[in-house]
Amino acid sequence: MAQEFNFDRAYSDYLYNYNLYRESYDSYRTARETFLKYQTLTSKNEALSKTKEMLQKQDEVIKTYSTALRVKLTENPGLSSDEQNILFLNLDNEFAWFRQHQEEINKNNTLEDLTNLSEKSKEQYKKTEVLIYETLGAIFAGKEISLREQISQQIKSLKEKVGEIRLKGDKDTSLAERWLLEAENRLTQSQEKQFEAQQNLSKIKSSLNKSRTYNEAQASLEKSHQFLKEANSYLKEIIRELKNAD
Amino acid sequence: MPIEQDFENLPPATEKTAVHKKLVVFTSLFGVVLVLLLAVAIFTGFNQKDSSQSTSEKPTPTTAAEFKEEITSPSPYATDAALLKIEEEVENLDEKIQTTDLKESGLTPPALEMGINFEE
């Protein structure tokens, strides 16, 4: 029976290929050092073979990693289909670039050619890295958006209930109404922090330290998440208040 | 001056040995009793330690009851179906919020050594 291709499967493919890459990188290092030391034809051939293998595996890591990200994006409920499609398209383009690059590595048989091909992938990976961070940011933002929408839905339901109780006049609803306002405030604050995170993510392309810029965006998202936690805890307070007599 | 010894006043040799024997027997008995008491004390101590260990290894299973504030004076809405439904959804949402992973450290971009060279 064919195994379902989900995120777990894609992720384990990536980890498997990453381990292969690390092993091939060590072999490349050894072969390179031997060649530089002895400069023999045998050591040159060995260096060529190990370099080819390592570069192939490196491309495979990028391909499997971008596939894992793609699947993760598919399983994310909060993003609009337009946002998803743009990221899908970009991830697919990166995948295609590295697949093509693997074919070129296969066709080339000199260390000079491989060095040039390696320079090409180094340049390309700078763009890939930006896309990776943008996609990760979108995945986390999607989670936040989805949770915020669900909280917003519960606020709406509670507002209706509180309005109904106020009309009946058999319970004081002023405290519940104040909590509702607080919950709404927290949702707004959560949205603001998410906006801040998105602004940080948009700076990644020009950032010299991409990882730091990404971490700053992630810190804003975590604050955004904290506001969601607070908003939901207020909803629990409102329910408790409504269930208790004055 | 010659030293004189009053041999008549000396206790007889057999009497001296008997006293000595009694002393030895008494000391031995005392020693044995002391050792026994020590052994009993050590044995009891070990038993107590063992029982305390077995207690910590096998804790009494407790049912971790989730804390819920008691409603001492319920309002007319304490059993309201619509409110209970919202409560259930809010609780589910709370669990989702608490378990959301905003780091996904496994998805950190792979560490790759880009670029090669064959120059010393």
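Start by selecting residues 174-202 of chain A, which form helix 5, together with residues 210-243, which form helix 6. Helices here are DSSP runs of H or I with at least four residues, strands are runs of E with at least two, and both are numbered from the N terminus. The axes of helix 5 and helix 6 of chain A come within 8 Å and cross at roughly 170°. Each axis is a line fitted to C-alpha atoms over the stretch in contact, and angles run from 0 to 180 degrees between N-to-C directions. Helix 5 and helix 6 of chain A are therefore roughly antiparallel, a label for angles over 145 degrees. Colour their contact by class and you will find 17 nonpolar, seven polar and nine charged residues. In this scheme Ala, Val, Leu, Ile, Met, Phe, Trp, Tyr, Cys and Pro are nonpolar, Asp, Glu, Lys and Arg are charged, and the others, Gly among them, are polar.

A word on what you are viewing: this is a predicted model, where local features need pLDDT of at least 70 and side-chain atom pairs count only at pLDDT 80 or more, while totals for chains, interfaces and linings use all residues. Residues are numbered from 1 along each chain as its sequence is written, and chains are lettered from A and ligands numbered from 1 in the order in which they are written.

While you are in helix 5 of chain A, click on A:E177. A:E177 is partly exposed, with 17 other C-beta atoms within 10 Å.

Next, select helix 3 of chain A, residues 81-107. Its 27 residues reach 39 Å from first C-alpha to last, close to the 39 Å expected at 1.5 Å a residue; the expected span is 1.5 Å times one less than the number of residues. Show the side chains of A:L91, A:E94, A:F98, A:H101 and A:I105, the buried residues of helix 3 of chain A. They pack against helix 2 (41-74) and helix 4 (111-168) of chain A.

Four residues of domain 1 of chain A are in contact with five of domain 2 of chain A, where contact means C-beta atoms, placed from the backbone, within 7 Å.

Now bring in chain B. How many residues of chain A are in contact with chain B? There are 48, and they meet 32 residues of chain B. Helix 4 of chain A gives the most to the chain A side, with 21 residues. That side divides into 23 nonpolar, 12 polar and 13 charged residues.

Chain B has two helices and zero strands, and buried residues make up 8% of its 120 residues.

Finish with two backbone details. Most residues other than glycine have a negative phi. A:Q39, in the loop between helix 1 and helix 2 of chain A, has a positive phi of about 50° although it is not a glycine. A:Q39 is exposed, with 9 other C-beta atoms within 10 Å. B:E104, in the segment after helix 2 (81-99) of chain B, has a positive phi of about 45°. B:E104 is partly exposed, with 13 other C-beta atoms within 10 Å.

Notes:
Angles under 35 degrees count as roughly parallel, over 145 as roughly antiparallel, 65 to 115 as roughly perpendicular and the rest as oblique. A residue is buried if 20 or more other C-beta atoms lie within 10 Å of its own, exposed if 12 or fewer, and partly exposed in between; C-beta atoms are placed from the backbone. Two residues are in contact if their C-beta atoms, placed from the backbone, lie within 7 Å.
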